[in-house]
Amino acid sequence: MIPHSRPSLESEDLTGIAETLRSGQIAQGPRVERFERHLAAWLGRAGGVAASSGTAALELALRALGVGPADEVIMPSYVCAAPWHAAARLGATPRLVDISLDTFNLDPQAVARARTPRTRAIIVPHLFGLPADLPHLADLGVPLIEDCAQTLGAQVQGRTVGTVGRLTVCSFYATKLLCAGEGGMVLADEPELLARLRTWRAYDERPALTPGSFNYKLTDMQAALGLSQLARLPAFLARRATIAEQYSRGLKDLAVGLPVVPSGSTHAFYRYVLRVRAAKAKDGSRDLVGLLGRLERRGVQCRRPVFRPLHQYDQYDGEAGQAFPCSDEAWATAISIPLYPSLTDEDVARVLQALHEELA
Ligand SMILES: *Cc1c(COP(=O)(O)O)cnc(C)c1O
């Protein structure tokens, strides 16, 4: 079976973790600090504050902007549930907006319509490796939190993802572009924001018992893995680009929608997401599930790249008449096929063969 995701682990990853264990300093310490400096330098930001997960990092980023119960946070419906929970934990109201179907990213016009005097921040995920429309989103004048959990090193109109928003959040979950098992980081340029993030990250040795303070720390063991992975990130991204090219060449004759890369953008190919038009039958969801099952029986594990759009949950209490046609359509037709640096050329050929057998 070719799994949908797999971390890319090598002996140097083991060396870094073993050295950390031997040093006796295993909780947050010098390796966390070094990981923060190295990733900030790689991304082009003044500093970083590591956290226990990408979700914790999103929560810290919202806290650093002073988001609270009276505030609204705009985010796309078509994304994992992490941004929702980060906003909800602060008592803020998540305001969901639709995406652009071709890019799977926030539709800037929908964001502009959802904006109110209470909008305190926009969480901007760059989904699947493709940058969101940062130039237009930045024009809105609302603080942006770039969610780079799925995209590093990609460009949009001459800007690099992760350098535009007031804050940028990364995730080092096992299957992300750069992994530490679990983990996250918030990056920013303003010293005051970075100082606030550090204050919220730990609970002890503070002048006051500030409600909301908690333990969001990363360990030096995880940071050691993050550092050895970061050293290979350029090679990871190059291998991903090569595999994506092989897929695009191998799939161009099938009646499927291939990833769109708008002019002026580059794609980091965290995921290779196809839109399967055949699944747009009366019961789109069941068709997609059937296709995923048949591919799995052929030894290729594919997945819906987003478990469920946020507006489809019962807990979402949206405005009357609010619709999310592009998020619904993406959910009904998008599948993600295996793409990670340790995928071999033979694996790629097997994935292509299974897709041809099921979709030709
Ligand atoms: C993975 C992910 C997160 C959450 O990161 P965790 O480290 O799993 O908490 C947030 N946003 C996006 C877009 C993600 O892909």
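Q: With which residue does arginine 95 form a salt bridge, and how far apart are the closest N and O atoms?

A: Side chains of opposite charge can pair when their charged atoms come close. In this predicted model, arginine 95 forms a salt bridge with glutamate 319, and their closest N and O atoms are 3.0 Å apart. Arginine 95 belongs to strand S3 (residues 93–97), whereas glutamate 319 sits in the loop between helix H9 (284–297) and H10, so the pair ties together parts 224 residues apart in sequence. Salt bridges with shared partners also join Glu72, Arg95, Arg118 and Glu319 into one network.

Q: Is arginine 95 buried or exposed?

A: Burial is read from the relative accessible area, and a residue counts as buried under 20%. Arginine 95 has 15% and is therefore buried. Glutamate 319, at 46%, is partly exposed.

Q: How many salt bridges does the structure hold, and which residue meets arginine 45 in one?

A: The structure holds 19 salt bridges. In one of them, the side chain of arginine 45 meets that of aspartate 189 at 3.2 Å, N to O. Arginine 45 lies in the loop between helix H2 (30–43) and strand S1 (47–51), and aspartate 189 in the loop between strand S9 (184–188) and helix H7 (191–201), so parts 144 residues apart in sequence are tied together.

Q: In what order do strands S10, S11 and S12 stand in their sheet?

A: A sheet is read strand by strand. Here the 3 strands form an open, antiparallel sheet in the order S10-S11-S12. Strands S10 (256–257) and S12 (334–337) are the edge strands, each pairing on one side only. Between S11 (residues 272–276) and S12 there are 4 bridges, and leucine 274 stands opposite isoleucine 335 in S12.

Technical notes:
Residues numbered from 1 in each chain as written. Predicted model: local features only at pLDDT ≥ 70, side-chain atom pairs only at ≥ 80, totals over all residues. Heavy atoms only, no water. Pairing = 2+ DSSP bridges. Helix = DSSP H or I, 4+ residues; strand = E, 2+ residues; numbered from the N terminus. Salt bridge = Lys/Arg side-chain N within 4 Å of Asp/Glu carboxyl O. Buried < 20%, exposed > 50% of the residue type's maximum accessible area, 1.4 Å probe, protein only.
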